[in-house]
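Please open the model in a viewer and keep the selection panel at hand.

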Amino acid sequence: MSTNVKFSANGVRKIFHDERTNRSVEAISNLDLEVHDGEFVVLIGPSGCGKSTFLYMCAGFEFPTEGDVAFEGKTIKGPGPERGIVFQDFVLYPWRTVRRNITLGLELKGVAKQEAAKRAQHWIDLTGLSGFEDSYPRQLSGGMKQRVAIARTLACEPEAVLMDEPFGALDVQTRDFMVRDLQRVWDETGKTIIFVTHSVEEAIMLADRIVVFGARPSRIKDDIRVDFPRPRTESDPEVQALRAKLIDLLADETRHESIAG
Ligand SMILES: Nc1ncnc2c1ncn2[C@@H]1O[C@H](COP(=O)(O)OP(=O)(O)OP(=O)(O)O)[C@@H](O)[C@H]1O
Ligand SMILES: [Mg+2]
């Protein structure tokens, strides 16, 4: 198993200290987690349990107070091109077209313009943006903007993609489409993905593995392997049973949280 580990967290603890109020928050208490090559891992859990904090550590934006987060066995010391990110607030450049938003990362990497355009087209097609190459972000719906953000990240060919509630700001129908799209893209690329969500539905449709975080300070409450064939349908009894189990686990955590104050 240890041969193809992409991300590994060992004894990770994270304390945020607020200088202004002189208060400390323990966001993560003791986290051990391994994510393997090609795995689609969904992190789910109550608000404030440290999901984003953990993802930011994988991205190299935050660092553990204790313990270690590593990528391919090397401690993460900052962001890197092998780890792409897609967060909820799509940061597209309004003055650049769809194509040029997607080629941006490639241009920064020094890829020649023509080659960058060719590569961008591949991801434009794969993410269903064909026909919108020359549109500007303001002309796109929220779902399409998020597709551009995903295409831009994938165009840089990272080995792993970190996604923090990427569909959180979208309406339910758009979300369903995006989930199906992402499923297809993942099928075709086989990337390692860590995906944070509040949506039990997204988790069930997408995950190979669902890691349920407990209430703050977070620990892992459950680690569930999901090996139902894809594409999954909500009416499938297995899917429904898992859905019920997840809702139960999450409700349990929210109860603990409110008792603890
Ligand atoms: N930069 C920071 N400074 C101080 N506290 C922080 C900082 N970032 C996160 N926290 C605190 O750490 C805890 C975990 O936050 P985090 O954003 O990781 O939770 P989350 O699980 O992503 O929540 P949500 O589901 O609401 O996005 C929270 O109590 C939060 O207030
Ligand atoms: Mg978060």
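Begin by colouring domain 1 (2-82 + 159-260) and domain 2 (90-157), since the lining of the largest cavity draws at least three residues from each; the domain bounds come from an automatic or database assignment. This is a predicted model, in which local features need pLDDT of at least 70 and side-chain atom pairs pLDDT 80 or more, while totals for chains, interfaces and linings use all residues. Residues are numbered from 1 along each chain as its sequence is written, and side-chain values use heavy atoms, without hydrogens and water.

Next, select T127, R147, I150, F167, M178, D181, L182 and V185, which line the largest cavity. A cavity is a set of points on a 1 Å grid over the protein atoms alone where a 1.4 Å probe fits but cannot get out, and lining residues have an atom within 4 Å of a point. Its volume is about 60 Å³, taken as the space filled by probe spheres set on the points, which are joined across faces, edges and corners.

Show α4 (142-155) and α5 (172-189): each supplies at least two residues of this lining, and α5 gives the most, with 4. Helices (H or I, at least four residues) and strands (E, at least two) are DSSP runs, numbered from the N terminus.

Then move to the second largest cavity, of about 40 Å³, and select its lining: I150, L154, V161, M163, L182, V185, W186, T189, K191 and I193. Here α4, β7 (160-164) and α5 each supply at least two residues, with the largest share, 4 residues, from α5.

Terms used
Chains lettered and ligands numbered in written order. 1 Å grid on protein atoms, 1.4 Å probe; cavity = no way out; pocket = protein on both sides within 12 Å on 5 of 7 lines; lining within 4 Å.
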